[in-house]
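Hello,

Here is the structure I promised to pass on. Please open it and keep it in view while you read my notes below.

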Amino acid sequence: GSAITTRAFLPVEKISMATNHIISGRDLTKRIDIGEGKDEIHLLAGTINNMLDRLETSFEIEKQFTSDASHELRTPLSVIKAHTEFALEFAESEEDYKEALEVINRQGDKMSALLSQLLFFTRLEQSNRKVELKEGNLSNLVQSIFDDRYLVLQGKREFVGSIEDGITARYDESLLSRLIDNLLDNAEKYSEVGSTIKIKLWDTETAIKLSVEDSGKGILPENLDKIWNRFFREDESRSEEYGTSFGLGLSMVKEIASIHNGTIDVDSQINVGSTFTLTLPK
Ligand code: ADP
């Protein structure tokens, strides 16, 4: 009896040893190997391996995020350092110092903008499960964002609103405002002076729809899947031209949409324009 029990539990011991090995070695690339089989023990090993696959993927994403964030912060920091050293060693006139300080100030603003976006992400992840969606008048919210923006955009773009009255939904006001702001920022950033930006809110039988449409430069078809990834920019070399552009806005948009049990889609054509549509459940 003892021999049979020992043999039967051997795979369990193997699983336990392998898991301990993975934990102590902190090596998420390792998997449990107890050979082929169809019993419960093999099923358990398979489940643990699947869990390790998912852990490894999310760990890799986090690692990539940290590395990208450090890279983004290092660039302005090295510009600041170079200009400080230049000013200390070679600046002769007040004009030279002023020029260096202006560059340092701009780069400082850039770092601060990036840090606040990174902090926003961290808070979003920490509070993910705690966000309380409240029933509210979405039409009023969108209308007030439209009114505020209208004053700023006037003269630069033709800003058009088509906002249906009386649409209510369950949402978090500050998060949803951030989502709409991000879409409007992009619509302005990636379009020309004089072009049209349209914001629409309407409801269908099953869903509430909100869209931001621009007639700007559009997105390449092969990038339509990638724009949602953190730090992805279509044209990295021209990010300075687009102001503080870190490639974080749309991943934030996607996360906020998912917190609202909604989805976000894009439809875009090069040199014709892009339409981002948020769909919320009714
Ligand atoms: P950011 O705008 O800070 O670079 P986003 O995450 O908001 O970051 O967008 C990622 C990329 O998607 C942008 O760099 C840009 O290439 C592309 N993109 C986003 N919105 C638009 C738009 N309305 N028109 C054209 N391209 C866009």
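**Pockets and ligand**

The second largest pocket has a volume of about 460 Å³. Its lining has 14 residues, and Ile61, Asn229, Arg230, Ser251 and Glu255 are the closest to its centre. Two elements give two or more residues to this lining: helix 2 (40-90) and helix 6. Helix 2 gives the most, with six residues. By class, the lining has three nonpolar, five polar and six charged residues. Keep in mind that this is a predicted model.

Now the largest pocket. About 640 Å³ of space lies in it. It is lined by 30 residues, and Asn186, Lys189, Tyr190, Ser245 and Gly247 lie nearest its centre. Helix 5 gives the largest share of that lining, five residues. The classes here are 10 nonpolar, 12 polar and eight charged residues.

Which space does the ligand take? It takes the largest pocket. Helix 5 (173-189), helix 6 (249-259) and strand 7 (273-281) each give two or more residues to the shell around the ligand. In total, 18 residues surround the ligand, and the closest are Asn186, Tyr190, Asp214, Ser245 and Leu250. Eight residues of the shell are nonpolar, six are polar and four are charged.

Look at the atoms next. A polar side-chain atom of Ser245 is 2.6 Å from an oxygen atom of the ligand. A polar backbone atom of Leu250 lies 2.8 Å from a ligand oxygen atom. For Ser274, a polar side-chain atom is 3.5 Å from a nitrogen atom of the ligand. How much of the ligand does the protein bury? Alone, the ligand exposes 530 Å², and the protein buries 97% of that.

Best wishes

Terms used. Residues numbered from 1 in each chain as written. Predicted model: local features only at pLDDT ≥ 70, side-chain atom pairs only at ≥ 80, totals over all residues. Heavy atoms only, no water. Near = heavy atom within 4 Å. Polar contact = N/O pair within 3.5 Å; in protein donor to acceptor, adjacent residues only side chain to side chain. Areas by Shrake-Rupley, 256 points an atom, 1.4 Å probe, with all protein chains shown as cover. 1 Å grid on protein atoms, 1.4 Å probe; cavity = no way out; pocket = protein on both sides within 12 Å on 5 of 7 lines; lining within 4 Å. Sits in = over half its atoms within 2 Å of the grid points. Helix = DSSP H or I, 4+ residues; strand = E, 2+ residues; numbered from the N terminus. Nonpolar A, V, L, I, M, F, W, Y, C, P; charged D, E, K, R; others polar. Points joined across faces, edges and corners; volume = space filled by probe spheres on them.
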